Amino acid sequence: MALRKIVVQGESCLNKVCRPVTEFNPRLHALLDDLVETLTNAGGAGLAAPQVGVLRRTCVVMDEETGNFIELVNPEIIAEKGEQTGPEGCLSVPGKWGLVTRPSYVRVRAQDRNGDFFEIEGEGLTARCFCHELEHLDGHLYTEHIDRFLTDEEVEEYFGQEEGAD
């Protein structure tokens, strides 16, 4: 495993559509392991291959309930319900947050590191992460969905209210 450099907004790889994964081999396994290690080191909730300069349809998302990482290869959203609006950030847009509306429930069909198909669902933050990371695979950033970036005070106020709600 190795830490990879997270590319930032303005790098062309973030605006390209990723190619499907066709070979499920040790190279893919290393990429997935590196994504998990890089994400853990950065303290984020999800990371897609193009964010480390690799144009392949793969990403990892932290499961909000278990804290485990979900590896998604060639993922696609097959169902979504509801709506949630909240602050969203991105490791490729460091230090910035914007309000984004996403589905509150998402079901994803993907392959695992060995090529086996599976389906997984998520709500809340996990659903938000599924949507966010899958958009990266199509060359999009969350900043395309916001009217403006939030101020530091707005971010602090929102997260302060969230902590108080527990």
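This is a predicted model: local features need pLDDT of at least 70, side-chain atom pairs count only at pLDDT 80 or more; totals for chains, interfaces and linings use all residues.
**Exercise 1. Compare the span of helix H2 with the span expected at 1.5 Å a residue, and state how many of its residues are buried.**

Solution. Step 1: helix H2 covers residues 124–137, which is 14 residues.

Step 1: from its first C-alpha to its last, H2 reaches 21 Å, close to the expected 20 Å.

Step 2: turn to burial. Of the 14 residues, 12 are buried, so the helix is mostly covered. Among them are Thr126, Phe130, His132, Leu134 and His136.

Step 3: check what follows the helix. Just after H2 comes glycine 139, with a positive phi of about 80 degrees.

**Exercise 2. Do the same check for helix H1, and find which strands its buried residues pack against.**

Solution. Step 1: H1 has 17 residues, which should span 24 Å at 1.5 Å a residue. The C-alpha atoms at its ends are 24 Å apart, so the two values agree.

Step 1: identify the buried residues of H1. They are Leu28, Leu31, Leu32, Asp34, Leu35, Val36, Thr38 and Leu39.

Step 2: find their partners. These buried residues pack against S1, S2 and S3.

Step 3: describe the orientation. Helix H1 (residues 26–42) lies across S1, S2 and strand S3 (69–81), and runs at about 40 degrees to S2.

Step 4: look past the end of the helix. Glycine 43 follows H1 and has a positive phi, near 75 degrees.

**Exercise 3. Give the strand order of the open sheet and name its edge strands.**

Solution. Step 1: the sheet is open and has 5 strands, in the order S1-S2-S3-S6-S7, with antiparallel pairing.

Step 1: the edge strands pair on one side only, and they are strand S1 (46–48) and strand S7 (117–123).

Step 2: from one strand to the next, the twist averages 35 degrees.

Step 3: examine one pair. S1 and strand S2 (residues 58–62) pair in the antiparallel sense over 3 bridges.

**Exercise 4. State how many salt bridges the whole structure holds, and work out which parts of the chain three of them join.**

Solution. Step 1: a search of the whole structure finds 10 salt bridges.

Step 1: take arginine 4 and aspartate 34. Their side chains meet at 2.9 Å, N to O. Arginine 4 lies in the segment before H1 and aspartate 34 in helix H1, so this pair ties together parts 30 residues apart in sequence. Arginine 4 is partly exposed at 29% relative accessibility, whereas aspartate 34 is buried at 7%.

Step 2: take arginine 113 and aspartate 33. Their salt bridge has an N to O distance of 2.7 Å. Arginine 113 lies in the loop between strand S6 (105–111) and S7, while aspartate 33 is in helix H1, so the parts tied together are 80 residues apart in sequence. With a relative accessible area of 19%, arginine 113 is buried; aspartate 33, with 26%, is partly exposed.

Step 3: take arginine 107 and glutamate 119. Their closest N and O atoms are 2.8 Å apart. This pair links strand S6, which holds arginine 107, to strand S7, which holds glutamate 119, the two residues being 12 apart. Arginine 107 is partly exposed at 24%, and glutamate 119 is partly exposed at 39%.

Step 4: look for shared partners. Salt bridges that share partners join Glu88, Arg102, Arg128 and Glu135 into one network.

Note on methods
Residues are numbered from 1 along each chain as its sequence is written. Side-chain values use heavy atoms; hydrogens and water are left out. Two strands pair if DSSP finds at least two bridges between them. Helices (H or I, at least four residues) and strands (E, at least two) are DSSP runs, numbered from the N terminus. Axes are lines fitted to C-alpha atoms, for helices over the stretch in contact, and angles run from 0 to 180 degrees between N-to-C directions. Contact means heavy atoms within 4.5 Å. The expected span of a helix is 1.5 Å times one less than its number of residues. Buried means under 20% relative accessible area, exposed over 50%, partly exposed in between (1.4 Å probe, protein chains only). A salt bridge is a side-chain nitrogen of Lys or Arg within 4 Å of a carboxyl oxygen of Asp or Glu.
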